[in-house]
Amino acid sequence: MMFISRFIFSILLFVVTHATGNSQLLSPAEERNFSILTSYNELQNFLARVSKKPGVEVTHIATLESGRSVSAVLLTNSPPFGSDTAKVRVLLFAQQHGDEPSGKEALLTLLAKAANGDMNSILRYVDVIVIPQMNPDGSELQQRRTADTVDLNRNHVLLSSPAVKALHDVYFRWLPHVTLDIHEYGSFSTSWSDSGFIKTGDVQLGMLTNPNTSPAIRSYQHDRIYPFLSERMKRTGYSFHEYIVGSPRDRIRHSTTEINDGRQSFGILGSLSFIQEGRKWKTIDEQLERRARSQLAAVEALLEFVAKSVAEIRLLVNNERQRLMQLPGTDVVVRMDHFAGDDSLKIPVHWLSNGRDTLWTVKPYHSVAKPLVTVRAPRVYLVPASNKDLILLLERHNIPMKPMLKRNIENVAEYLIENVGEEILEEDTLPVPVIKHHPTRLALQAGTVVVPIGQLHSLFLVTLLEPQSMWGLAKYPAFESYLRQASWPILRIEK
Ligand SMILES: [Zn+2]
């Protein structure tokens, strides 16, 4: 009897929802209870359905050689997108690594909610850009890299991949205040299991680590946003902690200070930028529902925080972007590393010997990124016309430049390279050039380009163009030869 009445009730519910056209849109994975991953074609069909809803605009931002495209979804309740300048703009993107699909599934679920009107309280204060799948080819192949073997999360300086170039154009078009790059971390890596235990946190959140990024933004991330997310995640029943890399055998630190990834490359442009790492299991679809829902819970907690903190976030970001415009004459850190600090961190782990789950106090914990070498930011850099590849690279970043009209100039400094040693920083062997600034008067090549530093990309430019910079040009094969010359082929003018 009980069964029959429940059955009748279900039928009634079905008839009512379908008759009123009120059926709730579900993501492709939700429709089949997360039993199978969403394919590229399903994702595109889903976006086509979502794009019919009010306040949702789907645009194709890049076409790959395979013919597949990368899509961005603009969500607003005050169209056209970005027109309400009192709002905060947030950029969410996932699956730069094709074998890390849970962020994509989380963002598709978020889009279904937006289409159903379940994000209206957030969209009153926030315009959201969602790029659910950065690497469609890698996703279909279930591999980290693209079909042409590019690691997209190491392509944010060169921008040679169409998907990453398009992501940076989207950023440049809308200048989001907050960005979030969603990944998965390997829970079963031998660098941990060799010590007898593995990390089991559902989600880890990484914040800005580069010491050049705004201290005000970094402390806001750490002291305000992180505790809020932590509390929300506890309520939803998922474990959550700060993102760490390394292993108990050598050292554990926060992630790289490198500007070449999806978090720091936007952080040095003045955004509150994050990386989120969900737990990866032994196979690509194991525990898919928990993985997608825990990633989604963290994304929704971040959006909730942003929606209630609009004025603070806009002020922080505007102040930092003002500072970037005034960077000339101030010190910029070009070499840095991670050191032990006073902080402590407990994370959930699983002991392999006795099968127990406990909290473990992270050690050896190198929690602080400290400056080792600084240089003064010049007023302009001069790039001789012969450095065509570099000029093209700066153009890809939408960096304003102008031709040098004067042929003879004074007060220009050359960088003489006296010798090049080596140093290990962030577990990597990096060149250390010994440089002498040589003030000179020069007859410039015709077509020399002036790159002014008083602009949004000021930190990016100093980090990229200074010869002593550990994250500069010389680490890319196309520019390696710059350090093998008697002088660095870029000039600087201080005043
Ligand atoms: Zn990843």
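Which domains does the domain assignment of the protein chain give?

**View 1. Two domains in a predicted model.** Welcome to this structure, which is a predicted model. The assignment gives domain 1, spanning 20-331, and domain 2, spanning 377-493. Their C-alpha centres are 32 Å apart.

**View 2. Where domain 1 touches domain 2.** Here 21 residues of domain 1 are in contact with 20 residues of domain 2. On the domain 1 side, the elements giving two or more residues are α7 (162-174) and α12 (310-325). By type, the residues of this side of domain 1 are 11 nonpolar, seven polar and three charged.

**View 3. The largest nonpolar core.** Now look at the largest nonpolar core, a set of 116 residues. Leu92, Leu111, Val130 and Ala298 are the ones that touch the most other members. Helix α11 (residues 288-307) gives the most to this core, contributing 10 residues. Both domain 1 and domain 2 take part, with at least three residues from each.

**View 4. A close look at leucine 111.** Once its neighbours within four places in sequence are set aside, leucine 111 is in contact with Val50, Val73 and Val130.

**View 5. Strand β5 and its partners.** Seven of the nine residues in strand β5 (residues 178-186) are buried, so the strand is largely enclosed by the rest of the structure. Strand β3 (residues 88-94) runs parallel to β5 and is joined to it by five bridges; here alanine 94 stands opposite isoleucine 182 of β5. Strand β11 (residues 272-280) also runs parallel to β5, with nine bridges joining the two. In this pairing, aspartate 181 has isoleucine 275 in β11 as its bridge partner.

Terms used: Residues numbered from 1 in each chain as written. Predicted model: local features only at pLDDT ≥ 70, side-chain atom pairs only at ≥ 80, totals over all residues. Domains from an automatic or database assignment. Contact = placed C-beta atoms within 7 Å. Helix = DSSP H or I, 4+ residues; strand = E, 2+ residues; numbered from the N terminus. Nonpolar A, V, L, I, M, F, W, Y, C, P; charged D, E, K, R; others polar. Core = buried A, V, L, I, M, F, W, Y, C linked by C-beta atoms within 7 Å. Buried ≥ 20, exposed ≤ 12 C-beta atoms within 10 Å, placed from the backbone. Pairing = 2+ DSSP bridges.
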